[in-house]
Amino acid sequence: MTAYDLFLAPFADFGFMRRALVACLCLGLGSGPIGVFLMLRRMSLMGDAMSHAVLPGAAIGYLVAGSLSLTAMGLGGLIAGLSVALLSGAVSRMTVLQEDASFASFYLASLALGVLIVSLRGSNIDLLHVLFGTILAIDASALYLIGAITSLTLVILAFIYRPLVAECFDPGFLRAVGGRGPVYHVLFLLLVVLNLVASFQALGTLMAVGLMMLPAAIAQLWSRSLAVMMAIAAGSAAASGYLGLIASYHLELASGPTIIMTAAILYGFSIFFAPSGLARRFFPRPHLKG
């Protein structure tokens, strides 16, 4: 088998592989930087909670559209995700519950409700598609939606980058200068939900957060510069998508889980060999002596 057959032939020969690759590249560009900010704000597990929170809305969109329509499911998922985010924040401010406990409660209820809604009218195959995604079945309209969400994410991040960084590292300063931190927090939650909706069709509700958090963790191990971390996260997410699709094609594995496992392998490699990894800690370089 030549290098062309191994790395390029699947995309040259099959349109569904090309569409899946473009979707992975778009998801990586949008989700990677969002994951970095989630990690810096210590909201990593909230991303997982939000990915489950979109399920009831997506399930209702599925029932209304009568098929796996990304537009209907995406709109429903967006409404459900934002509703859970706002309700969780309101509950944590009006009760003694912390925000993480509030999110956990709502996402568990949302996950159960979504599965029940799908099981009412759908088959087991439909439920598997909703939970684990169908990246190889992405069509042109789904690609347009994913591309639009990625473009919107990058544009909004460019506009709110500085106040978002200030809120991550010194929210007290942002409040002192009248920086309208809650507005940027809501905009950031909107971007999180939008990118989870974009990942929904490709990776399903159970793994939609995979291309968001694993590349962010990889980036933190390799760099301490925020801009470099965002670039590494986007690059590693895109690389995970490409390598995962190649592996799934040649080994005849499910594409979505293979993509996430590829990102997990890159994460494991980074744990040992990155500048902040275990190899540097246990085998430090000898200091030069004058």
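Modeller: A disulfide is counted here when a pair of cysteine sulfur atoms lies within 2.5 Å. This is a predicted model, in which local features need pLDDT of at least 70 and side-chain atom pairs count only at pLDDT 80 or more, while totals for chains, interfaces and linings use all residues. Residues are numbered from 1 along each chain as its sequence is written, and side-chain values use heavy atoms, with hydrogens and water left out.

Colleague: How many disulfides does a search of the whole structure find?

Modeller: The search finds zero. Cys-24 is in no disulfide, and the nearest cysteine sulfur, that of Cys-26, is 9.5 Å away.

Colleague: Is Cys-24 buried or exposed?

Modeller: Buried means under 20% relative accessible area, exposed means over 50%, and partly exposed lies in between (1.4 Å probe, protein chains only). Cys-24 is buried because its relative accessible area is 0%. Cys-26 also counts as buried, at 18% relative accessibility.

Colleague: Where does Ser-199 lie, and what does it contact beyond its neighbours within four places in sequence?

Modeller: Helices are DSSP runs of H or I with at least four residues, and strands are runs of E with at least two, numbered from the N terminus. Ser-199 belongs to helix α11, residues 181-207. With a relative accessible area of 0%, Ser-199 is buried. Apart from those sequence neighbours, Ser-199 is in contact (heavy atoms within 4.5 Å) with Leu-27, Ser-31, Gly-204 and Ala-208.

Colleague: Which residues does the UniProt annotation "transmembrane region" cover?

Modeller: Such annotations may be inferred rather than shown by experiment. The unreviewed UniProt entry gives several spans, including 141-164 and 184-214. In the model, residues 141-164 are 100% helix and 0% strand, with end C-alpha atoms 32 Å apart. Residues 184-214 are 94% helix and 0% strand, and their end C-alpha atoms lie 24 Å apart.

Colleague: Which residues form the nonpolar patch on the surface?

Modeller: The patch consists of Trp-222, Phe-269, Phe-272, Phe-273, Leu-278, Phe-282 and Phe-283, with about 800 Å² of accessible area together. Its members have over 30% relative accessible area and no salt bridge, and their nonpolar side chains (Val, Leu, Ile, Met, Phe, Trp, Tyr) are joined within 5 Å. A salt bridge is a side-chain nitrogen of Lys or Arg within 4 Å of a carboxyl oxygen of Asp or Glu. Helices α14 (255-273) and α15 (278-282) each supply at least two residues, and α14 gives the most, with three. Leu-278 is placed in α15.

Definitions and conventions: Patch = residues over 30% accessible without salt bridge, like charges linked within 9 Å, V, L, I, M, F, W, Y side chains within 5 Å. Areas by Shrake-Rupley, 256 points an atom, 1.4 Å probe, with all protein chains shown as cover.
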